[in-house]
There are 4 protein chains.
Amino acid sequence: MSGKLRVTIWNEYRHEANEANTRIRELYPEGIHRTIAGSLEGSCEVRTATLDEPEHGLGQAVLNETDVLIWWGHVAHHEVADDIVNRVHERVLNGMGLIVLHSGHYSKIFKKLMGTSCSLRYRAVGEKERLWVVSPGHPIAEGIEDYFELQQEEMYGEFFDVPQPDEVVFVSWFEGGEVFRSGCCYNRGQGKLFYFRPGHETYPTYHNDNVQRVLNNAVRWAAPPNRPAPKYGKRLPALEPIKPRG
Amino acid sequence: MSGKLRVTIWNEYRHEANEANTRIRELYPEGIHRTIAGSLEGSCEVRTATLDEPEHGLGQAVLNETDVLIWWGHVAHHEVADDIVNRVHERVLNGMGLIVLHSGHYSKIFKKLMGTSCSLRYRAVGEKERLWVVSPGHPIAEGIEDYFELQQEEMYGEFFDVPQPDEVVFVSWFEGGEVFRSGCCYNRGQGKLFYFRPGHETYPTYHNDNVQRVLNNAVRWAAPPNRPAPKYGKRLPALEPIKPRG
Amino acid sequence: MSGKLRVTIWNEYRHEANEANTRIRELYPEGIHRTIAGSLEGSCEVRTATLDEPEHGLGQAVLNETDVLIWWGHVAHHEVADDIVNRVHERVLNGMGLIVLHSGHYSKIFKKLMGTSCSLRYRAVGEKERLWVVSPGHPIAEGIEDYFELQQEEMYGEFFDVPQPDEVVFVSWFEGGEVFRSGCCYNRGQGKLFYFRPGHETYPTYHNDNVQRVLNNAVRWAAPPNRPAPKYGKRLPALEPIKPRG
Amino acid sequence: MSGKLRVTIWNEYRHEANEANTRIRELYPEGIHRTIAGSLEGSCEVRTATLDEPEHGLGQAVLNETDVLIWWGHVAHHEVADDIVNRVHERVLNGMGLIVLHSGHYSKIFKKLMGTSCSLRYRAVGEKERLWVVSPGHPIAEGIEDYFELQQEEMYGEFFDVPQPDEVVFVSWFEGGEVFRSGCCYNRGQGKLFYFRPGHETYPTYHNDNVQRVLNNAVRWAAPPNRPAPKYGKRLPALEPIKPRG
């Protein structure tokens, strides 16, 4: 991978665009995508895309030039067009990294890649969350202490109905009594997928230094492999002589 | 689990129903499902279902009374109705075991549960396959020697585009030079899923003692857990007192 | 596996044998091993063994007749003879199940099988522990609700320096703010290994119904496979003709 | 990680040092370690160490300055001093990467980190090996086609008695009929471990471009995380207020 990683940050951008949501607009005046972009622009080539743009801002050309896609959605998952989801899905299988945030657990693209309900327990009362590192050698945990805290977050609790992750990097403790696998790594096709739990729109999560550090680490981890796609899906001749068996 | 396991064997049943396929009809005169059924009836309560039955033989009542579903399909995957696929999917997430055979790797239900293309290399010239046990403590390998051979099989070769299995039980060697992860275990929701590679319709694979032994083992392994579904997908009150944080 | 599973419960048996430990002796008057034995005797053929018996009660004949070994130790890990540890190790690799409890994380046999320090954070102030099921389809979780609580336990916190488990069944929430992977499944050789976190000697943990249920489930899960040992460790002739290459 | 990775290549260096081994000395006139060093020196800061040096060339200072250690051994595993093995072990748990080659599967350090017998089948008749990529998105597979071939190698066959790898990158096909998990990734403590199968001393394996590419990739993958060691192994105060429970 020569040059800077090309990151596209996709945001539903409905909460922040609604004038009634004073608190959310104070936290993310230009949208969650712009706050995340600000934390990545030093090290990556960043662009953003939102639901209400044509093709949701995810035209084929944009995706082809995207190394890692970050996804935040919440109330409008059903408005994302199926053909765009399929386009993203195909790019992931061909090597594009994907980072799915918080309520994106119910997005079409995440459910399609997981194959399960992606359901969980939840509660939004602004309780404390503490994220523990359970895989301290993992690149996504670099620079993170044994744990870090978010003073106010929505709770997500187990059972989280996803396939067993290939690696779990963080497990959360919640003040109200639950736990959650909050940093989950998956391989799908040639693509790498990281689900990162925190990020409710009414809390300043994406301004948090540790959260920004995790996202920076995750982008680097999810970078596409430098190799052509495997030649599968094909009838292929034998590589060795075969004894005819009638 | 009291009493015998209730197994439903689903077969597309098109190759064997076609009078032109003399060789296939010699091997499986009543269909692949009936041959497999014969090998399970001693230890399980078995029924069969086929594509051309109403609801493909998979009415809700049938699925509710099924502990483990076995799936064989090949040329008519696209004819399987999406609502039946969704019904099977939901039952798997709620604990029903699923065993997907051979060309079922391209079935709608398998692709939906995997989230990937499920693509692979292939070649059908009747070459030798040797299946090696790489997880000798696994219940699905019980009674199987270090390896077993099938004198004639279709080749499936890597890369097999599926998520990394939770456990790999068999890896195949092919005469023509390829390898394949031929026995793959997955957990999805509360359900257990086993993909077993061999079983091309033009070869006597389902008459093979080792193959029958593996299927018997797999049915026992995939039996549903004896527990209610998790209470997720719900907003839930805190289990511990929470300090208000404004 | 015909007949009842043969379980041997090994206990260091030093805390309970010491008259000064009034509280412990009230909880476990005949030793922790006898309490656990009481909960298994309905379904298994149980024997016990303790540190101060000849060969720690683990002669070769005893091990040969043991399907699953349960291990509790704490203050005298270093007194366990290395040759006995090697004997247990060899039996595990040949298929004997092993269930390691609580402070057994620092036992010689567990460290030898893990290959890591097996270190963790800890605190014994009798706080509340809540164990969440994160693998609801797993046989070890059968009959367990979404979670269960222990009102008083020692805290063990992450990072727990063990290899990534093949499957994690429980994750604990602790009142004091930590989390822990409390039910960890491993395969080693042909043997299955389950580490179960709770069980400090000053609390009534092994009298808890859920704990007893987990141990019953774990014993069944860890039963040896019904197959001979693989023929590895040998120079072996080719199975196929080889083209000489000079 | 700023600057070049610091790699130490350890070699038993007995076969190549023996004048009777004409063929081996032709292939590796300065030893296997020097051939591997030659392929890494462009991108890494490389040093080598051998069995017969004081402390086997692995003094504490050398290990402290090593990011990734590569290990080749065969006939003299038992001559490696236990305290040096323990020193390497501790460095791995603290983050040093380790790449174990071929017959190193029986080295003390590999067996200690695996916790199993590390046994396998073998045969050295110079047959063809074909390594298939089964994890095409993995950094260690970068630049490698769907497979690559070695015209002459020793055969290693399954069952390979190691813990289930965290990720399998390569599976080998052998002319004589066996298969093998030839590229196995593990996490141990904060360290990353890669086992790479090929490399018998009587064949030109380490001169092969694909093998050199894999080793270059593996060194980058195994680089230590940039973070301090977790504070485990300690009794620690509660992070949250605890309700006294008598």
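Good morning. The model is predicted, so that local features need pLDDT of at least 70 and side-chain atom pairs count only at pLDDT 80 or more, while totals for chains, interfaces and linings use all residues. Residues are numbered from 1 along each chain as its sequence is written, chains are lettered from A and ligands numbered from 1 in the order in which they are written, and side-chain values use heavy atoms, with hydrogens and water left out.

I begin with symmetry. Two copies of a chain are related by a rotation about an axis and a shift along it.

Let me turn to the interface of chain A and chain B. Chain A contributes 48 residues to the contact and chain B contributes 48 residues. The size of an interface is often given as the accessible area lost when the parts come together. Between chain A and chain B the buried area is about 3800 Å², with 52% of it from carbon and sulfur atoms; buried area is the accessible area (1.4 Å probe) that two parts lose on being put together, summed over both.

What is the count of salt bridges across the interface of chain A and chain B? The rule finds zero, a salt bridge being a side-chain nitrogen of Lys or Arg within 4 Å of a carboxyl oxygen of Asp or Glu. Ten residue pairs are, however, in polar contact between chain A and chain B, both residues at pLDDT 80 or more. A polar contact is a pair of N or O atoms within 3.5 Å; within protein, one must be able to donate a hydrogen and the other to accept it, and residues adjacent in sequence count only if both atoms are side-chain atoms.

Among the elements of chain A that each supply at least two residues of the side touching chain B are helix H4 (82–93), helix H5 (108–114) and strand S5 (121–133). Helices (H or I, at least four residues) and strands (E, at least two) are DSSP runs, numbered from the N terminus. The largest share of that side, seven residues, comes from S5(A). By class, the side of chain A that touches chain B has 17 nonpolar, 15 polar and 16 charged residues.

The next interface is that of chain A and chain C. This contact takes 23 residues from chain A and 22 residues from chain C. The area buried between them is about 1900 Å², of which 59% is given by carbon and sulfur atoms. In chain A, the residues that lose the most area to chain C are A:Trp132, A:Trp173 and A:Val179, together 29% of what that side buries.

Two salt bridges are counted between chain A and chain C. C:Asp146 forms a salt bridge with A:Arg121, with the closest N and O atoms 2.8 Å apart. Ten residue pairs are in polar contact between chain A and chain C, both at pLDDT 80 or more. S5, strand S7 (167–174) and S8 of chain A each supply at least two residues of the side that touches chain C, and S7(A) gives the largest share, six residues.

Finally, salt bridges within chains. Over all chains, the structure holds 64 salt bridges. In one of them, A:Glu79 pairs with A:Arg14, the closest N and O atoms being 2.8 Å apart. The two residues lie in distant parts of the chain, 65 residues apart. A:Glu79 is partly exposed at 37% relative accessible area, and A:Arg14 is partly exposed at 26%; buried means under 20% relative accessible area, exposed over 50%, and partly exposed in between (1.4 Å probe, protein chains only).

In chain B, the side chains of B:Glu178 and B:Arg123 meet in a salt bridge (2.8 Å, N to O). B:Glu178 lies in the loop between strand S7 (167–174) and strand S8 (179–188) of chain B and B:Arg123 in strand S5, so the pair ties together parts 55 residues apart in sequence. B:Glu178 is buried at 0% relative accessibility, and B:Arg123 is buried at 4%. Salt bridges that share partners also join A:Lys128, A:Arg130, A:Glu149 and D:Glu240 into one network.

How values were computed. Contact means heavy atoms within 4.5 Å. Ala, Val, Leu, Ile, Met, Phe, Trp, Tyr, Cys and Pro count as nonpolar, Asp, Glu, Lys and Arg as charged, and the others, Gly among them, as polar.
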